[in-house]
Amino acid sequence: MVKTAHYRLLIYADKGVLRCESLAKKLGISVNTVKKYLRLLEREGMIKASGIDAYVLTNRGMLLLKSLKNIAGATPPPYRAVDPISGELIPITIKNYLQLYVVIKYGLIPEDAVNAYIKSGDLIKWIEQHIGDLYLAEEVKKGRIKSARDLVEYLEKVINLMRELK
């Protein structure tokens, strides 16, 4: 299972290349641990082997890094949620990923409503156009993120990775 700590390695890619020894030194962990993390990232399609103890980012890995940079610099207009059943405005405004995470995680917007936003593409359109998270949009389109729970897991990873970038 790939965790935020594993994705952290992607941030340290030098021109799209990850080298085991270099990562171990930068992160203060053993080379074996780095290799284990890299194998998990390779299984997930984020990187691919390139020679001995070196890996390169795949398109998917590059897209994730680009999205993280976009998110870091985003100042999106607020997202205003509408109840998909009644059509009434839900009195919540979401301005960033941390707020989106809290709103979904703690049920401030019903889970079935969030699932409906994901299915309709409305929420993803806001994320893609105003935040620039093309990676998330792609994950939704490919069916890897299809529910509020999937979205919460993704947001947890992204929020933790954003702390690494700062």
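A cavity is a set of points, on a 1 Å grid over the protein atoms alone, where a 1.4 Å probe fits but cannot get out; a pocket is an open set with protein on both sides within 12 Å along at least five of seven lines; lining residues have an atom within 4 Å of a point. Grid points are joined across faces, edges and corners, and a volume is the space filled by probe spheres set on the points.

This is a predicted model, in which local features need pLDDT of at least 70 and side-chain atom pairs count only at pLDDT 80 or more, while totals for chains, interfaces and linings use all residues. Residues are numbered from 1 along each chain as its sequence is written, and side-chain values use heavy atoms, with hydrogens and water left out.

**Whole chain**

Start with a cartoon view. The chain has 9 helices and 5 strands. Helices (H or I, at least four residues) and strands (E, at least two) are DSSP runs, numbered from the N terminus. Follow them from that end: α-β-α-α-β-β-α-β-β-α-α-α-α-α. Along the principal axes, the C-alpha atoms fill a box of roughly 60 × 30 × 25 Å. Of the 166 residues, 42% count as buried. Buried means under 20% relative accessible area, exposed over 50%, partly exposed in between (1.4 Å probe, protein chains only).

**Stop 1: the cavity**

How many cavities of 30 Å³ or more does the structure hold? There is 1. The largest cavity has a volume of about 40 Å³. Select Tyr79, Ile94, Leu100, Ile104, Ile109, Val114, Tyr117 and Leu123 to see its lining. Helix 5 (97-105) and helix 6 (111-120) each supply at least two of the lining residues. Colour by residue class: the lining has 8 nonpolar residues, no polar and no charged. Here Ala, Val, Leu, Ile, Met, Phe, Trp, Tyr, Cys and Pro count as nonpolar, Asp, Glu, Lys and Arg as charged, and the others, Gly among them, as polar.

**Stop 2: the second largest pocket**

Next, the second largest pocket, with a volume of about 270 Å³. Of its 14 lining residues, the closest to the centre are Tyr7, Glu139, Ile145, Tyr154 and Lys157. Helix 9 gives the most to this lining, with 6 residues. Helix 4 and helix 8 each supply at least two. The lining divides into 7 nonpolar, no polar and 7 charged residues.

**Stop 3: helix 4 against helix 8**

Select 59-73 and 134-141. The axes of helix 4 and helix 8 come within 7 Å and cross at roughly 130°. Axes are lines fitted to C-alpha atoms, for helices over the stretch in contact, and angles run from 0 to 180 degrees between N-to-C directions. The two helices are therefore oblique to each other. Show side chains: Arg60, Leu63, Leu64, Lys66 and Ser67 in helix 4 meet Leu134, Tyr135, Glu138 and Glu139 in helix 8. These contact residues divide into 4 nonpolar, 1 polar and 4 charged. Contact means heavy atoms within 4.5 Å.

**Stop 4: two loop residues**

Select Ser147, in the loop between helix 8 and helix 9 (148-165). Is Ser147 buried or exposed? Ser147 counts as buried, at 19% relative accessibility. Beyond its neighbours within four places in sequence, Ser147 is in contact with Asn115 and Ile118.

Finish at Pro78, in the loop between helix 4 and strand 4 (79-82). Pro78 is partly exposed, with a relative accessible area of 35%. Leaving out residues up to four places away in sequence, Pro78 touches Thr93, Ile94, Lys95 and Trp126. The C-alpha atoms of Pro78 and Lys95 are separated by 4.6 Å.

Conventions. Angles under 35 degrees count as roughly parallel, over 145 as roughly antiparallel, 65 to 115 as roughly perpendicular and the rest as oblique.
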